[in-house]
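Work through the exercises below with the structure in view. Try each task before reading its solution.

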Amino acid sequence: MAIQRTFSIIKPDATKRNLTGAINAKFEEAGLRIVAQKRIRMTTAQAETFYAVHSERPFFGELVEFMTSEPVVVQVLEGEDAIAKNREVMGATNPAEAAEGTIRKEFALSIGENSVHGSDAPETAAIEIAQFFAGNEIVG
Ligand code: DAT
Ligand code: MG
């Protein structure tokens, strides 16, 4: 597998509980390099665009409200097979189903407030990275 980049978000439930460093340690222990990172307050428009694929789901309004409720940390992670590796370190969407040692198992509060986002495919990773980072903000 080649070196890939993936887009990551440390979500409001985690920034609020001061877990940014603990979550970054999990990424780095797994061999993922943080090649871009910034703390932002996501706007409603940004959250609606980012989660547009879920706009018809019953939890969409709640999801947008949550993502804009506190600061988030947006990141680009780089490494061998980074997309799959990041999903593995994150664990299942629902923390009740997440494997031992994963970020969501250790830190997530619920299926909605689940501490992290990670891209699910190379195409979505490229779109998501471009939504939040200019090329010169990513330093590999
Ligand atoms: P993932 O974040 O693991 O890629 P997803 O893309 O299916 O999961 O959903 C995006 C986010 O939407 C998820 O991280 C939390 C929220 N979400 C998903 N399913 C939900 C549900 N049944 N109830 C509340 N929020 C949900
Ligand atoms: Mg997803």
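This is a predicted model: local features need pLDDT of at least 70, side-chain atom pairs count only at pLDDT 80 or more; totals for chains, interfaces and linings use all residues.

Residues are numbered from 1 along each chain as its sequence is written, ligands are numbered from 1 in the order in which they are written, and side-chain values use heavy atoms, with hydrogens and water left out.

**Exercise 1.** Find which residues surround ligand 1.

Solution. Step one: take residues with a heavy atom within 4 Å of the ligand. Step two: list them; among them are Lys-11, Tyr-51, His-54, Arg-87, Arg-104 and Asn-114. Step three: sort the shell by class, which gives 4 nonpolar, 4 polar and 3 charged residues (Lys and Arg count as charged, Gly as polar).

**Exercise 2.** State how far the side-chain N or O atoms of Lys-11 and Arg-87 are from an oxygen atom of ligand 1.

Solution. Step one: for Lys-11 the distance is 3.0 Å. Step two: for Arg-87 it is 2.9 Å.

**Exercise 3.** Identify which residues UniProt lists for "binding site".

Solution. Step one: the unreviewed entry lists Lys-11, Phe-59, Arg-87, Thr-93, Arg-104 and Asn-114; such annotations may be inferred rather than shown by experiment. Step two: locate Lys-11, which lies in the loop between strand 1 (3-10) and helix 1 (12-16) (DSSP runs of at least two residues for strands and at least four for helices).

Conventions: A polar contact is a pair of N or O atoms within 3.5 Å; within protein, one must be able to donate a hydrogen and the other to accept it, and residues adjacent in sequence count only if both atoms are side-chain atoms.
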